Amino acid sequence: ALKERGILYAPDYVINSGGIIHAASIYDKLDDTQIVKKIEHLYEALFNIFTRAKADDLPTHVIADRLALARLEGETNT
């Protein structure tokens with residue numbers, strides 16, 4: 001419905017991952033520079049999601065789900 005209205009939507013689990021990354025990084029005792037570097041990768045991830053969603057004419061959550069599943073499948077196959 002958001003796509004049909006022309007509203008660009010960032011899937012919540014992509015956005016919320018910044019908090020998870022931050023908490024895990026503190027637990028792993030990374031310094032602030034390392035934490036920021038990890039969180040900055042979210043920009044690239046969202047840009048990729050938005051670009052692919054536009055190119056494939058699909059909602060952003062569909063692309064994000066596909067990318068997440070592909071990543072999980074790749075990690076379990078290694």
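**Entry 1. Lys29**

I began just after H1, where Lys29 takes a positive phi of about 60 degrees. I placed Lys29 in the loop between H1 and H2; helices here are DSSP runs of H or I with at least four residues, strands are runs of E with at least two, and both are numbered from the N terminus. Lys29 counts as exposed because its relative accessibility is 73%. For this class I used the following cut-offs: buried is under 20% relative accessible area, exposed is over 50%, and partly exposed is in between, with a 1.4 Å probe and protein chains only.

I note the basis of these entries: the model is predicted, local features need pLDDT of at least 70, side-chain atom pairs count only at pLDDT 80 or more, and totals for chains, interfaces and linings use all residues. Residues are numbered from 1 along each chain as its sequence is written, and side-chain values use heavy atoms, with hydrogens and water left out.

**Entry 2. Asp57 and its partner**

I then looked up Asp57, where phi is near 55 degrees, again a positive value in a residue other than glycine. Asp57 sits in the loop between H2 and H3. Its relative accessible area is 54%, so Asp57 is exposed.

Which residue forms a salt bridge with Asp57? I found Lys3, with the closest N and O atoms 2.8 Å apart. The rule asks for a side-chain nitrogen of Lys or Arg within 4 Å of a carboxyl oxygen of Asp or Glu, and by this rule I count one salt bridge. The pair links distant parts of the chain, since Lys3 is in the segment before H1 and Asp57 in the loop between H2 and H3, 54 residues apart. Lys3 counts as partly exposed because its relative accessibility is 36%.

**Entry 3. The segment before H1**

I stayed in this segment for two further residues. Arg5 lies in the segment before H1 and is exposed, because its relative accessible area is 70%. From Arg5 to Ala64 I read 19 Å, C-alpha to C-alpha, across 59 residues of sequence.

Ile7 is also placed in the segment before helix H1 (12-27). Ile7 counts as partly exposed, because its relative accessibility is 43%. Together with Leu2 and Tyr9, Ile7 makes a nonpolar surface patch of about 240 Å². Patches take residues with over 30% relative accessible area and no salt bridge, joining like charges within 9 Å and nonpolar side chains (Val, Leu, Ile, Met, Phe, Trp, Tyr) within 5 Å. The areas come from the Shrake-Rupley method with a 1.4 Å probe, and for residues only the protein chains shown count as cover.

**Entry 4. Helix H1**

I checked the length of H1 against expectation. Its 16 residues at 1.5 Å a residue should span 22 Å, and the end C-alpha atoms are 23 Å apart, so the two agree. The expected span is 1.5 Å times one less than the number of residues. At Gly18, H1 bends by about 30 degrees, the bend being the angle between axes fitted to the seven residues ending there and the seven starting there.

Which residues of H1 are buried? I listed Val14, Ser17, Gly18 and Ser25. An α-helix has 3.6 residues a turn, so residues three or four places apart point the same way. Val14 counts as buried because its relative accessibility is 9%. I also read 9.4 Å between the C-alpha atoms of Val14 and His61, which are 47 residues apart along the chain.

**Entry 5. The nonpolar core**

Which residues make up the largest nonpolar core? I found six: Val14, Leu46, Ile49, Ala53, Ile63 and Ala64. Helix H2 (32-56) and helix H3 (60-76) are the elements that give two or more residues to this core, and H2 gives the most, with three. A nonpolar core is a set of buried Ala, Val, Leu, Ile, Met, Phe, Trp, Tyr and Cys residues joined through side-chain atoms within 4.5 Å.

Last, I looked up two C-alpha separations. Arg52 belongs to helix H2 and is partly exposed, because its relative accessible area is 35%. Leu67 belongs to helix H3 and counts as partly exposed, because its relative accessibility is 25%. Leu67 and Asn48 are 19 residues apart in sequence, and I read 9.7 Å from C-alpha to C-alpha.
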